[in-house]
Structures are given as structure tokens and as C-alpha cells.
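Please look over the points below alongside the coordinates.

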Amino acid sequence: MQKESKNVLDFPKRFLWGASTSAHQIEGGNHNQWTIWELENAKTRAAKAEYQLGDFDNWEQIAAEAKNPENYVSGKLADHYNHYKEDFDLLQQMNMNAFRFSIEWSRIEPQEGAWNAAAIKHYKDYVEELKRRDIEPIVTLFHFTLPIWFAEKGGFEKRSNVKYFTRFAKKIISELGPSVRLVITLNEPEIYVIESYHLGNWPPALNNNYKCWRVINNLALAHQQAARAIHKLGRRYKVSISKNSKFYYAGDDALLSQISTAFMQYIQDDYFIKKVVKDCDFLGVNYYFTSRIFGNRTHNPNRDLSDMGWDLQPGDVQLVLERLNKKYKLPIIITENGIADASDEKRQWWITKSLIGIQKAIRNGAEVKGYLHWSLIDNFEWAYGKWPRFGLASVDYKTGERKLRPSAIWFGLVIKKIRKL
Ligand code: BGC
């Protein structure tokens, strides 16, 4: 037994410790496909809130916000676009050395083929500011939002539209130049497809399974083409996707439970990863859930729930990492992991369990290179709006004040110890 490796704080030396965000969820002032959809749907979403969320234990606490149409309009948010330096201070206060963010395509190319020089300069300055602070930038190119012109052309429904995304990828990465090394082309492609084309919760709000398959396959092509274009710019770029990865396990021995579990795992993870893995230098993994399957249904233990009613099994990140490591043998960066917890009662527990799980996976052979917590600051949680609070720092949307939550202050001290600062 190696005594040393039992130390909970024992992580690889150059491990990336950071937080994760996306443009539309924190920047404020965007104008894209989502902005329009938000304005069109805010009233309906507010009216349906009680019906959809009324059973939650925390309904009393969230009711006022959830029933207010303004909750569903992203608007100004934390105005991160203008206050990013303040937010980078938070990263430093937590002793972090990595930060994931997305570039808002609709800012860079507001009209087809028309590049916005001011927006390009903004993101260049942004990246340089991170570098000055010794923080590794991890750039996402698609995090669920599309420029209006691209959405009007049919978005990723059309294979012939993929070239526009590739062009954007090439343009912005060559503009950002060698300051960037790690690039995520697509965030959670299958979540985008399910929410936008199957459940109809996100724009273009369709329930069309045929389009689901078309879009998912076109997204695989989009990754492939963008990754190749970026690699052509330089082999120094390490490219991947951020895959929302779940672990599925059968709740009993019934044959149907076993078959459904294997099928769900394949559809959720492997279908897409297999299509893109050849063009990935590492795997970006977003971990939030484990699912226990009985027959063909999910019944989770629900012992601990987040503010959004999600079953919390933080330690199971280990199972996800070990499975992906065994199957794909690529280095892994956890590009998202976190919890909606406005009272901050569970976040420290969540992080502790997650770090222990990650460490166990590393001991069992997984090559995990980093952990990025979702999210740095409170964010716009898509169709749920502003009430879910994922931030390590809270945001007062009225005054713009951000404040590290107690769990974040604690996490910062843990990172300091681990990094021996
Ligand atoms: C997404 C984020 C989202 C987070 C919490 C991930 O699915 O990438 O945009 O805010 O989960 O729901």
C-alpha cells in the first residue's frame, strides 16, 4: 500500500483547476436565436411554472422568480461582457489556473460573412487578460446559441450549413492565435438535440425525431471539420467536445433492465463519441447525473436533490471517468460539474465527493487532466431562466454585485493546498 497516494489532496502536478461558463449564460446583451425565443416565450413559461415546478420542495422559495416573465429573459445578466476582469479576479481568489468560456458566434459574425472587428478584439483582450493572470483559457465554439442568420438558414439541420461553422471556427481560432491551446468545438451536442428537436423546450422548439438524427449527425460532421481546420492552423491546438456523460446502471437483474441500461448508455454517450473520437485529442466530460434503470424507466434514489430536483450522486463521476477511460483511452478534462444550490448547503459536499471520485478514477488508471466547476458565477439556466443558482459566486442581478459563496471560499483553500501555493 502506498501511503502517500491515499492523501485526498494528492492530484497530478499540472492539473487544471478552474471554473466553466458560456457566453449567453453570463455575458448579457446578446442578440441571437435565443434572445428572440426568450422574448416570445417568457410569458408562457412564467404561466406554466407552477404546473411544472410546483411539486418541488423549494417551490415557496423559487415561486416569485419562476412566475415572473422577466426570469425567462436573459437581458443584462451579470454583464460579464463588460465586467470580465472582476470575474477573473474571482478565479484568482480561488487559486484557479484554468477557465472555460464560450465565444458568442453571433457577436463575431452578426451577419453572414460580416466579421465584427470590435467583438474579435474583445475576445482577444479577454484571452490575453487570462494569460496575464496565468490562467489557461479553454475556448468553446458552440454552446447552444446560434446567430439569427444561421438559424434562419436551418442551422445544423442542413448538412450544407456545416461549412459556416467551420469557417467561424477557423476564423476565431486564427485570430486568437497561440494564446489558446485547448478548444471545445461543441458543448453537449446530444442535450442540444434533445431539448431543441425532441422535447421542444429550446429553440427551434420542435418535436421531430427525424430532425434529431439529422442534427446530431451534422454536429458530428461539424466537429470533424472544425477540428481538422483548427489542427491545420497548428498541431499545438488540442481539440475536443464537451460530452454530457451519464453513468447508467440497472436497478435489478431483469433482462429488460439490463438491455435498456446498455442501450441508454450507448445512445447517451457512445453513439456520438464514436463518430468524433478520431478527431479528439482529449475528451471533455460534463458530469451531472447517474441514472438507475428499472425495466425501461429511470428511478433514481433521490436521497439528495438539487434545487432543480436533480438526483445527486457526485461520487459516481468516478464510474463515468473509468468507463470512458477504458473505452476511449484518451486524456479527460472535466469541463463541467456542479449543482444548483441557492442556499449553498450542498455545494461543498458535492465538490468533496466529486474530488474523491475523480481521485479514485485517477488511481484506477484514468488520465484526468483537469476539473472545471460549473459555474464561475450565477448563470442564465436556459429554459428555466435565472432562478437556478449554479455559481461559485452569487450574482445580485439588480446591483451586479458578485460574491464568492462560502463553499467557493473553502474550495479556493483546498485548491491552494493541492497546488501547494
Ligand atoms: C450545460 C450548461 C448548463 C449546465 C447546468 C450543462 O448541461 O452545458 O449550459 O447551465 O449543464 O444545467
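**Aromatic pairs and cores**

1. Searching the whole structure, which is a predicted model, gives 43 aromatic pairs. One of them joins Phe11 and Trp17: the ring centres are 4.9 Å apart and the planes meet at 70°, over the 60 degrees required, so this pair counts as edge-to-face. Phe11 and Trp17 are both buried.

2. Trp105 and Phe168 form a stacked pair, because their planes are at 10°, under the limit of 30 degrees, with the centres 5.1 Å apart. Trp105 belongs to helix H5 (residues 105-108) and Phe168 to helix H8 (residues 162-176), so the pair ties together parts that are 63 residues apart in sequence. Trp105 is buried, as is Phe168.

3. Charges also sit over rings. The charged end of Arg107 is placed over the ring of Tyr81, 3.6 Å from the ring centre. Over the face of Phe289 lies Lys246, at 5.4 Å from the centre of that ring.

4. Which residues have the most contacts inside the largest nonpolar core? They are Leu141, Phe165, Ile358 and Tyr371, in a core of 107 residues. The element that gives the most to this core is helix H10 (residues 209-233), with 10 residues. Another core, of 15 residues, lies apart from it and includes Ala46, Ile62, Trp374 and Phe390.

5. Leaving aside residues up to four places away in sequence, Tyr371 touches Phe15, Leu16, Trp17 and Gly18, then Ile334 and Asn337, then Trp350, Ile351, Ser354, Leu355 and Ile358, and also Phe411. Trp17, in this list of contacts, is the residue whose ring pairs with Phe11.

Note on methods:
Residues are numbered from 1 along each chain as its sequence is written. This is a predicted model: local features need pLDDT of at least 70, side-chain atom pairs count only at pLDDT 80 or more; totals for chains, interfaces and linings use all residues. Side-chain values use heavy atoms; hydrogens and water are left out. A nonpolar core is a set of buried Ala, Val, Leu, Ile, Met, Phe, Trp, Tyr and Cys residues joined through side-chain atoms within 4.5 Å. Buried means under 20% relative accessible area, exposed over 50%, partly exposed in between (1.4 Å probe, protein chains only). Helices (H or I, at least four residues) and strands (E, at least two) are DSSP runs, numbered from the N terminus. Contact means heavy atoms within 4.5 Å. Rings of Phe, Tyr and Trp (its six-membered ring) pair if their centres lie within 6.5 Å; planes under 30 degrees apart count as stacked, over 60 as edge-to-face and the rest as tilted. A charge sits over a ring if NZ of Lys or CZ of Arg is within 6 Å of the ring centre and within 35 degrees of the ring normal.
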